Amino acid sequence: AIMARASQSGKDSTPYRALHVATDARGGTEMSGPTRDTQSSIQGMQKAFLPSHGPSHRYLLTAATSIVLVLCGTVAIVLTGQAEIVLKSSSKKVKVPHTGKWCAEDESFTKVTLKPVHDASIESLLPLHDLLGENQFEASEIIRVGDYYYVICDSSWAVLRLHRSLPIISEQNQMIGVPQVGFAPGESGFEAILHDDTTSTFYVVQESVLHEHRGTYQAMVTQLSMPPPSRTEEHLQQRLNYTVIETCPSEMTFEGTSKGFEGAISLRGKDGRLYILGLCEGNHCKEEEKGKDAGNGRVVVMTRKQATNEFGCVWATVATLEIPSSANFVDYSAITLHSVTQAVAITSQENSQVWIGKLEGGANGLFDPEKAKLTGDSVYDFPRNVNCDLQYCNIEGVEWISDGGEGTPQVLAAVSDKMKSKGKQKFTCKEKDQSIHLFAIP
């Protein structure tokens, strides 16, 4: 950061404070654009400060790049260089790398940008009679089992089963369960879905739930039995539902409901036990400022144990893995593991990027949590739009779907949550929200 100081001499009624000058050698924009009132303030401040270098204002600048002045402590304005917007409500700025002029000027663009293969809104895939009045699909995770994708939404209790060919308005795509009715009050809070080959059952993970009697926030892991796919006309037209086998809380506790487990993967250990690896959304598995301390991602390794709580079981913490700091993300939104190569992909919604590395410690059936470790340093951008701005702003689920390429899979499936409203995200985020995507790795 470069500091700028301004001093006054003589009379001047313009309230201002010195301050904040930032530069990003890679190029980047800061999240959340100004309001119309803010823009008026910016224009007024530019008129007040930029044309005049007379006796009433003297400036001492230690370097020349993005010079930012703060008006009344509320808004930061960039006078030169790459655009940056900072809101007073957050003292921790969220940098979005590789935007603005970067796409046109950086020679690495084609090597670090995923290629879009296919996009489809989730609503366009389901038969109209299967929607049950649902018009929001806040997708949070995707996995592939056989010929089908299974997609969950954190606002819905239903599980979507979509044929891998992603046919439009097709009976091959089904909603399992009723969106508005589940096994607990309120919205589902589903953030992860897993499949265990050994038992042929599924697990869904609720991010973080308040337990009123204990006053603690814990993830909830629920084992489900799904009806099998069928192509008979009678079966396709039935209203399908899943069966709950059991629900167990995590031993891991969180600070609130908004920054718990945002994704998870599972694999069997050499001891025969099932291990679930939960991805914390916040850095250090924390909320607030510490949760935004980029490059400090964590994955919590858990296994099921008997307990004396009201559930009779708990997903006990066995180990905590550090995500390499090359995943320099403000948040972590999804994780997937390729069963053959052990390639791992971890996404960030805020950065609109994906980190790709490897899980050491043994493949499915041979996993040893004591030897588990995440390694790697490859980071790719989700495609920017024609103005090199964000368009895949809400990636919350990711899954490997191909083996192509020596040593590493080459195609990822992903799903997007709903765009944030009330000006929290740019309008460019709308087109790709609540959708399923396919991306090729360059």
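## A partly exposed isoleucine

Ile169 is partly exposed, with a relative accessible area of 49%. On this scale, buried means under 20% relative accessible area, exposed means over 50%, and partly exposed lies in between (1.4 Å probe, protein chains only). Ile169 sits in the loop between β10 (159–163) and β11 (174–176). Helices (H or I, at least four residues) and strands (E, at least two) are DSSP runs, numbered from the N terminus.

Together with Leu128 and Ile168, Ile169 makes a nonpolar surface patch of about 320 Å². Patches are made of residues with over 30% relative accessible area and no salt bridge; like charges are joined within 9 Å, and nonpolar side chains (Val, Leu, Ile, Met, Phe, Trp, Tyr) within 5 Å.

## Model and numbering

This is a predicted model: local features need pLDDT of at least 70, side-chain atom pairs count only at pLDDT 80 or more, and totals for chains, interfaces and linings use all residues. Residues are numbered from 1 along each chain as its sequence is written, and side-chain values use heavy atoms, with hydrogens and water left out.

## The chain as a whole

The protein chain has five helices and 26 strands. Of its 442 residues, 52% are buried. The chain exposes about 20,300 Å², and carbon and sulfur atoms supply 51% of that area. Accessible areas come from the Shrake-Rupley method with a 1.4 Å probe; for residues, only the protein chains shown count as cover.

Contact means heavy atoms within 4.5 Å. Among contacts in the protein chain between residues at least 6 apart in sequence, 59% join residues at least 24 apart.

Asp130 lies in the loop between β7 (115–121) and β8 (139–145). Asp130 is buried, at 6% relative accessible area. A polar atom of its side chain lies 2.9 Å from the backbone nitrogen of Met175. Leaving aside neighbours within four places in sequence, Asp130 is in contact with Asn173, Gln174, Met175 and Arg239.

Leu374 belongs to strand β23. It counts as buried, at 6% relative accessibility. Not counting residues up to four places away in sequence, Leu374 touches several residues, including Val299, Leu321, Ile323, Val344 and Trp355. The C-alpha atoms of Leu374 and Arg298 are separated by 10.0 Å, and the two residues are 76 apart along the chain.

## Aromatic pairs

The whole structure holds eleven aromatic pairs. Rings of Phe, Tyr and Trp (its six-membered ring) pair if their centres lie within 6.5 Å; planes under 30 degrees apart count as stacked, over 60 as edge-to-face and the rest as tilted. Tyr275 and Phe367 form an edge-to-face pair, 5.6 Å centre to centre with 65° between the planes. The pair links distant parts of the chain, 92 residues apart: Tyr275 is in strand β17 (residues 274–280), and Phe367 is in the loop between β22 (353–360) and β23 (373–381). Tyr275 and Phe367 are both buried.

Elsewhere, Trp157, Phe183 and Phe190 form one aromatic cluster.

## Salt bridges

A search of the whole structure finds eleven salt bridges. A salt bridge is a side-chain nitrogen of Lys or Arg within 4 Å of a carboxyl oxygen of Asp or Glu. One of them joins the side chains of Arg164 and Asp147 (3.1 Å, N to O). Arg164 lies in the loop between β10 and β11 and Asp147 in the loop between β8 and β9 (148–153), so this pair ties together parts that are 17 residues apart in sequence. Arg164 is partly exposed at 42% relative accessible area, and Asp147 is partly exposed at 37%.

The side chains of Arg304 and Glu246 also meet in a salt bridge (2.6 Å, N to O). Arg304 is in strand β18 (residues 298–306) and Glu246 in strand β15 (residues 243–254), so the pair ties together parts 58 residues apart in sequence. A further bridge joins Lys259 and Glu281 (3.2 Å, N to O). Lys259 is in the loop between β15 and β16 (261–268), and Glu281 is in the loop between β17 and α5, 22 residues apart. Lys259 counts as partly exposed at 27% relative accessibility, whereas Glu281 is buried at 10%.

## Two cysteines with positive phi

Cys285 is not a glycine, yet has a positive phi of about 60°. It lies in the loop between β17 and α5 (288–291) and is buried at 8% relative accessibility.

Cys388 also has a positive phi of about 60° without being a glycine. Cys388 lies in the loop between β23 and β24 (395–400). Its relative accessible area is 4%, so Cys388 is buried.

How values were computed:
Polar contact = N/O pair within 3.5 Å; in protein donor to acceptor, adjacent residues only side chain to side chain.
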